[in-house]
Amino acid sequence: MSAEVKVKRQSSRKRSRDRRISHLTPARKRTSASGRQCPDNTRQIEISRALDQSMDAKFSEYCSDPEDLFGDYDSIVSDSSFLAKLDRVGQNMRPHDIEHTTSSRCPVILLAGNPDFTSLKSSTDNCPKQSCDDSMTESFLEGFTDDAFLDMPSSQLTFLQDPQTADRNCCSDEDKTSMPMRHPEKSVSTEDRNERHIAPKARKSVSDHLKRAMMANAATPSGVSRTAVQKEAVVTEEISVAMQAMESVSMATTDLGPFFGLPTKVKELICNLKGIKDLYEWQKTCLNLDSVQQRRNLIYSLPTSGGKTLVAEILILKELLCRKKDALFILPYVSLVQEKVRGMASFGLELDFMVEEYAGSKGRFPPVKGRGKRSLYIATIEKAHGLVNSLIETNRLDNVGLVVVDELHMLGDGSRGAIIEMTLAKVLYISKSTQIIGMSATLGNLQDIQKFLKAESYTNDFRPVELKEYVKLKDSIYEVDPKEEECFRFSRVLNFKYSSAMQKIDQDHIVALVTEVIPSQSCLVFCPTKKNCENVAGMICKYLKEDFIQHKQAEKAVLLGELRSSGNGSLCPVLKKTVPYGLAYHHSGLTSEERKLVEEAYSAGVLCLLTCTSTLAAGINLPARRVILRSPYVAADFLKRSQYKQMVGRAGRAGIDTHGESILILQDKDKVLVKKLVSAPMEICKSNLMHSDGKGVLSLILSVIGLNITNSLEQIRDFMSGTLLSVQEKQVCLERSLWEVTQECVELLKEKGLVTVSTEPQDGSLQVTKLGRATYKGSVDLTYCDLLYRDLSKGLESLMLNSFLHLIYLVTPYDMVSQCKPDWMVYFRQFTMLSAAEQKMCATVGVSESFVARKAAGQNVKKNVDQVVVSRLYLALVLQSLLKETDLWSVADRFQLSRGFIQTLLSSSSVFCSCVLHFTEELEEFWPFKALLTELTRRLTYCVQAELIPLMEVAGVMERRAKLLYNAGYKTLAHLANADPNVLAKTVENLFKKQANQIVASAKMLLNEKADALQEEMDDLLMMPLDLLSL
């Protein structure tokens, strides 16, 4: 059976592209010839020839004779000596090829019956396993010595030497390919078919073979996954497109790329890591604002739980990936910083940027240079200020392209608000290219903040879950409706059955309110004091049915075990009683590890109710179906509108509840105040630079002079005009103008010896003294800088180094003294346990044994003793005991202090120790403290056995988990960074897969950060001095 196949002729100017299978033919081209031997299968013949023709057409397009396919790399065309060898060998082999073809046992037989083209049929009876073409190629290669391959590219030699390739060249009968005649227009008689063989086909040059094979080799798959390469290429291309779009952005542009200017991979990561498949409409609108796309400053304001943070994270990723700039994310609390570091570490590893934690005593000033990688700095308010100062000092602030401030309304929050204002004012004044994004709950005076930040605004009242607000008065529930004349609209009567005894104990019907939702749904009960939190939790348990104990009993048993483990065998008696019922309390009296365990259990549904203070509403996001406000007070102060909105905003869990509800319990006496509370506008946000007699203005002026931002009164005046204080001058500076305040502060700084006037003639510029520089670089409160200097100077005269007590005393925070009154019997007992050297040190600072003994005996002491020194030494004894034992529970019991207070003391001391370290680094006379305080800072930060410290450096790893990891064999940071999250989750007790992933990601990020720091140090050592003398 014959087959008609049309052949595409090549141009006379091109060599024939007809293909022969040889050792130089790539594997995937040889395999395309398999299965085409049978002449009866017309379709197979047509397909095979069509494939040949398409490949030839492709090579004809890209493989023209005179052009070098590979440019200057791996080129054989430009090597005339090598090509000359190939041509000579090829010419020598032509006679041999003709002779070999004539005597071949594989004659090619013409098939009659086609006037235009005669198909060919090879004999199946006498044909050996090796094809004619292969025989010719092998015979040709026999005459080609190894010397000829010396200059051959390594990629081609690898192909020739591949044993699998050689094996595939040995084809079976079925692998032979029928080929058309070169001159199909000539008619051949039947008789001639048996006597004549077709003349051998003209051989291509060896260089053609090599070029053809190398072209195919370039297309063959490598050891790297093609899918991975393609994904990487797509991400790179999308980032490139987004960057180009950002450079040419116009007013009409609303979409910069596939995912708001970011590669699709970011959308996939958000879905995989956060479980967010799509954005809310307001988020899409906000991300497409002109102010966002043209990088103007922006404030966006929405109710609590509206999804503000995700918008900020997308903008941060855009800055890191598209603009290749660093970003700073400012959060109000250490716990929020640590949570965000854990969450963003996975993004950093996938998208190749650094995530650095600046909280507590963590964070390097100035930060390590990224060596090509961009960095996301996640910082608390205080640490962010220090970071910005260090970047200004090293002229690197322009590297930060974006500053995001969460909870921007905290500008009005005392001294911390003043620090936010100082930080943003410096960024606005120094770097015109840095964009500032502020997110906040609803603000009462948004226009003032806009003017300060030179920002546009976006507001929306969106909530993912509808919030219904109620108040409870006696046994009736009223819905809050500000449109009503009375603000309240009757809703229902509370249905409950109380005994007389129960009515006396639970007069506010809290048990009735909570049992309407728990245990199947969650509930938060906000209480005015910490003690009230514990009492309410215990009271609710008394009246719950035994069925509550059965609900998730196994999980609650695990939680109790973890709580006991975190306390080294000790367990809070209140939690021991409440956890079996699914209840717990949450306030600062718990240790950070206890709070973390309670939060995780509540999020997982193991606990269904938390009694808590107002700080929970401002911290980590723990939503509930119902929120109950036990009272409209925080301690003795009536609730502010912002506090109320923050608490009730926790009601309603997105994706779980159809609506959330809040119930404020009030008494008749508070009815008028509560009406104002629920209907009043939000409080205005005022500058706090004048807080505490203008302490903020003093600190700001000192730092701007020290950082060389300003050096004259006029420049200071210009700088101060860019602050929020300037915007609100008429509201805040009631007695004197801002200019008068500025002049007074400069004079006060001169009096304190922190600022001086240059002695250079005709200069008169302002300069900071050494003490002034140490004060602002150490972030030391101006109230205590003189006192700290005196204490350190006195300490050097008789510094005791045979124990940590003297150093601990020097770094005990001054502002913690007022929060603790010594128990004199405990004081005396601990004093008598000190060594003789330690008692001598105590007497040196001003506290003698006789004084403590008299106080313990209840006697009056006539001698004047500084009470600040006495209380500070008492706190130092607490810290020393903690460093020795590392058991917080036993220390709390010994000193009769709450474990929460002791942990707060410990963390405050580690932060202040870091500040004192930076303070002493600027003063030559304090050089011994540098090495001493570096180690003490490390010990106070972690306060565990030395072997656990490397593990606790990882964000979110507390002491209990560090012990479990260490005992499981993960003893170093490198162990964690290289761990398999699946194995880690199975090996470590009560560790979920998500937590394991976060721990591994954080460890990898920290390891990279440490490696970069070492690399930067090495680069500095090897750097050629710029002022090197030369001839």
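I count a salt bridge when a side-chain nitrogen of Lys or Arg lies within 4 Å of a carboxyl oxygen of Asp or Glu. This is a predicted model, where local features need pLDDT of at least 70, side-chain atom pairs count only at pLDDT 80 or more, and totals for chains, interfaces and linings use all residues. Residues are numbered from 1 along each chain as its sequence is written, and side-chain values use heavy atoms, with hydrogens and water left out.

**Entry: salt bridges**

I looked up the total and found 37 salt bridges in the structure. Side chains of opposite charge can pair when their charged atoms come close.

Next I checked single pairs. For cover, I call a residue buried under 20% relative accessible area, exposed over 50%, and partly exposed in between (1.4 Å probe, protein chains only). Helices (H or I, at least four residues) and strands (E, at least two) are DSSP runs, numbered from the N terminus.

Lys284 bridges to Glu281, with the closest N and O atoms 3.7 Å apart. Both sit in helix α11 (residues 281–287), three residues apart, so about one helical turn separates Lys284 from Glu281. Lys284 is partly exposed at 23% relative accessible area. Glu281 is exposed at 57%.

Arg872 pairs with Asp791, and their closest N and O atoms are 3.2 Å apart. Arg872 belongs to helix α39 (residues 867–885) and Asp791 to helix α34 (residues 785–797), so this pair ties together parts 81 residues apart in sequence. Are Arg872 and Asp791 buried or exposed? I found both Arg872 and Asp791 buried.

Arg894 and Glu885 meet through their side chains in a salt bridge, at 2.3 Å from N to O. Arg894 is partly exposed, with 26% relative accessible area. Glu885 is partly exposed too, at 32%.

**Entry: helix pairs**

Two packed helices are described by the angle between their axes and the distance between the axes. My axes are lines fitted to C-alpha atoms, for helices over the stretch in contact, and angles run from 0 to 180 degrees between N-to-C directions. Angles under 35 degrees count as roughly parallel, over 145 as roughly antiparallel, 65 to 115 as roughly perpendicular and the rest as oblique. A crossing is left-handed if the near helix is turned anticlockwise from the far one by less than a right angle, and right-handed if clockwise.

I took helix α15 (residues 381–393) with helix α16 (residues 414–430). Their axes come within 9 Å and cross at roughly 25°. The two, α15 and α16, are therefore roughly parallel. The crossing of α15 past α16 is left-handed.

I then took helix α28 (residues 691–706) with helix α29 (residues 713–720), whose axes come within 11 Å and cross at roughly 120°. That makes α28 and α29 oblique to each other. Here α28 passes α29 in a right-handed crossing.

**Entry: a buried loop residue**

Where is Ala624? I found Ala624 in the loop between α25 (615–618) and β16 (626–629). Ala624 counts as buried, at 0% relative accessibility. Its C-alpha is 5.2 Å from that of Cys523, though Ala624 and Cys523 are 101 residues apart in sequence.

**Entry: position 1022**

Leu1022 is in helix α47 (residues 993–1022). At 66% relative accessibility, Leu1022 counts as exposed.
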